Amino acid sequence: MNASHDGPESVELKVGPTPQGEPEFQPYHHPAAGWGAAKSVTKFLVREREPVDGPRAIVKMNHERSGFDCPGCAWPDDTKGLKLDICENGIKHVTWEMTRKRVDREFFAAHSVTELSEWSDFDLEDQGRLTEPMSYDPESDHYVPISWKDAFELVGSTLRGLDDPNQASFYTSGRLGNEATFLYQLMARELGTNNLPDCSNMCHEASGRALQASLGTGKGTVDLKDWETADALFIFGVNAASNAPRMLTALAEAYHRGAQIVHVNPLVEAAATRTIVPHDFLDMALFKTTKTSTLNLQVRIGGDMALIRGMAKAILEQSATDPKALDREFIDRHTTGFDAYKELCESTSWDELELQSGISRADILKAARVYEEADRSIISWCLGLTQHEHGVDTVREIVNLLLLRGNLGREGAGPSPVRGHSNVQGNRTCGIDHRPDDAFLDRLAEVCKIDPPREHGLDTVGTIQAMNRGDVKVFVGMGGNFALAAPDSPVTYAALRNCDLTVQVSTKLNRSHVVHGKRALILPCLGRTEKDHQRKGIQRTSVEDSMSMVHLSLGMKKPASPHLLSEPAIVAGMARAALPSSPTPWQWYVEDYDRIRDTMAQALDGFEDFNRRVRLPLGFRIKQPARELVFLTPSGRAEFSAAPLPDVVPEAGTLALGTMRSHDQWNTTIYSDNDRYRGIKNLRTLVFMNRADMRERGIDDMAPVDITSTARDGSKRHLNGYLAIPYDIPRGCAAGYMPEMNVLCALGDYSTQSDQPIMKHVKVTIAPVG
């Protein structure tokens, strides 16, 4: 399989393990989770040789007070005292972290970086846990040991030597705890930059901007109890069985109580059919399945906005004869812009709505009827809606629909974005924001006695562009695998290699360690599962889930190496070296994380009395003003938007391609070359296509094809030799796995609304290998 592109170099991403046989495809017709998940977990525990610590972690994960928060997804912890609030992917994620394998100085002495760069990403991570800080030696092309003191001094002296603090950029993945997050952003701003890109820039940036514009808050307004009382659940662009598997419990419970569940996605995923929830032991014993949907709508890629507007149009038409179809009292008291939106819906023809959504008028009316008949509705979404040019407009359209029937500010109703990584929402809450507002900066300045910069900083795309230009010379990554997660892989690789210094804070070896700057550091940190010993005893860290609940996490396991430092300790070490005259008591903070939380309580809105409230059962929920019908918008009301409907119908001969994860994958970490819920074995270099699209192009089942993307600037990128899989997906649409397909998304192809790479809407042509 080859990849090429008009940029600085050709990059072939070798991500997964060596296939264990010939590629296979057999459509999946079984329930999500259940015995399939149990079997998969058992195999994984055996493979990773964790027969003791693995099961022990299972009973400790997501338990308040005495356990650690799953480092996987951000789905909230159960509110009813569930003893096994776990999922297949969470167990795999934790076991992958707890491996007994080690990457030590002997390993690096035996393998040059040039050699390691030829390894697959699976093989890199599969070597195990990093054990001590390492520094890249260009003369030998090896990483060599370096003391923590010298590593921090290298970071500090390099940062102090910059002509401008904006020549550094500080990236954050969603795994960073709140306390480390707060210190990290404080360090960057005390240095003098707001260059704080994060993984939100690639996933839910559109959600935050849309909700802020419509409601005055960048987060959803519902909690898990609302999911337990809603009459209707609408799930857009979410593959719950793989990306938020604990949602299956909520869906099964909703079905049992008679709620309507509508899934909207180009692919009918396993979670949108039926499930056996593993902790329902009787159902497991009897192989009893529960439906997880009452209606599935296969929208074309990018057509969700047209579907939502069609539902709104139907509601407005119904209101002509049934005034109860609208909540006019709510609209009049709490919103602005209704008349303009009503006129827009009325002027949009049903033909156009059907064309753009790919859904028939009859099916749009079915969804609208479900919504109208429900007293309380929640609309939830994930990256299937946000990674598009019009992602912000689509999320605002969701809010429009909710406002029509007053589905806001009451139990069982509201918007509910599904965040991916465990603390990505907490990162933003605690200051990781390249566009901070003045109120936050004023409070930070007052509490922390610093003078933070006021100009906006760089996001992910802006950072890569600046590194390529030479304007950013130092890149620091707190967790994650930036080289593999970012779009346009060749351009991203070239950008990192153009830096004077790259610093990666990590638990395991990954691609970002072998795609590095002229100087490079690997700084190994504690994992979420490990005990964090500091001067004042074992410390707990806090995280925020996707529904704004903040709770504590306590590691249970002996650290993988005595040389590991916690994330707060690493941030403090870098800060002390870079800011020798800093007024911030960095080391004092690290001795006792309660001290960090006391400062956060003063600096962050919603964190008042932090240390007491976070120790309450299940922690505490950060208030969302819109939940109380307080709208921090310019008008002081919830604001209808009136955006034009985008044209998402592919041009003749082209397809709209969306990238996604396989089931046996978490973000950029690949556990196997299988995708159980889509019937794939021993294959990742594939593209799912509609069978009619395949016939039109003369492509046979499982035949090799060439995929070419065309960027806005006319440049082209290629993947050759991928296998075409016939799949139930709308005409004109295709799908395949990230990160392999990231090479197809040009860096310049980002949303002008959110600055997110449009990884769910790549324009491609696909042809037989010729």
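**Close-up 1. N243 and its partners in a predicted model.** Leaving aside neighbours within four places in sequence, N243 touches C73, R661 and W666, where contact means heavy atoms within 4.5 Å. N243 belongs to helix α11 (residues 240-243). Helices here are DSSP runs of H or I with at least four residues, strands are runs of E with at least two, and both are numbered from the N terminus. Residues are numbered from 1 along each chain as its sequence is written, and side-chain values use heavy atoms, with hydrogens and water left out.

**Close-up 2. Helix α9 meets helix α20.** Two packed helices are described by the angle between their axes and the distance between the axes. The axes of α9 (residues 205-215) and α20 (residues 391-404) come within 8 Å and cross at roughly 45 degrees. Axes are lines fitted to C-alpha atoms, for helices over the stretch in contact, and angles run from 0 to 180 degrees between N-to-C directions. The two helices are therefore oblique to each other; angles under 35 degrees count as roughly parallel, over 145 as roughly antiparallel, 65 to 115 as roughly perpendicular and the rest as oblique. The crossing of α9 and α20 is right-handed, a term for a near helix turned clockwise from the far one by less than a right angle, while anticlockwise gives left-handed. On the α9 side, look for A206, S207, R209, A210, L211, A213, S214 and L215, which meet G391, V392, V395, R396 and V399 of α20. Sorted by class, this contact has eight nonpolar, three polar and two charged residues. Ala, Val, Leu, Ile, Met, Phe, Trp, Tyr, Cys and Pro count as nonpolar, Asp, Glu, Lys and Arg as charged, and the others, Gly among them, as polar.

**Close-up 3. Helix α14 beside helix α17.** Helix α14 (residues 304-319) packs against helix α17 (residues 350-357) at about 150 degrees, and their axes are 8 Å apart. That angle makes α14 roughly antiparallel to α17. The pair forms a left-handed crossing. From α14 come A306, L307, R309, G310, K313, A314 and E317, and from α17 come W350, L353, Q356 and S357. Five of the residues in this contact are nonpolar, three are polar and three are charged.

**Close-up 4. Helix α8 with helix α29.** Here α8 (residues 178-191) and α29 (residues 593-603) pack at an angle of about 65 degrees, with 10 Å between their axes. Their crossing is left-handed. N178, E179, F182 and L183 of α8 make the contact with Y593, I596, R597, T599, M600 and A603 of α29.

**Close-up 5. The largest pocket.** This pocket has a volume of about 1200 Å³. On a 1 Å grid over the protein atoms alone, a pocket is an open set of points with protein on both sides within 12 Å along at least five of seven lines, a cavity is a set where a 1.4 Å probe fits but cannot get out, and lining residues have an atom within 4 Å of a point. Grid points are joined across faces, edges and corners, and a volume is the space filled by probe spheres set on the points. Of the 32 lining residues, Q212, G218, R428, D433 and D437 are the closest to the centre of the largest pocket. Helices α9, α21 (424-429) and α22 (438-448) are the elements that give two or more residues to its lining. The lining of the largest pocket has nine nonpolar, 12 polar and 11 charged residues.

**Close-up 6. The second largest cavity.** About 210 Å³ of space lies in this cavity. Its lining has 17 residues, and G527, R528, D532, T541 and E567 are the closest to its centre.

**Close-up 7. Two backbone details.** The peptide bond from M738 to P739 is cis, with omega near 5 degrees. P739 sits in the loop between β33 (733-737) and β34 (762-768). Elsewhere, D488 has a positive phi of about 50 degrees although it is not a glycine.

Notes: Predicted model: local features only at pLDDT ≥ 70, side-chain atom pairs only at ≥ 80, totals over all residues.
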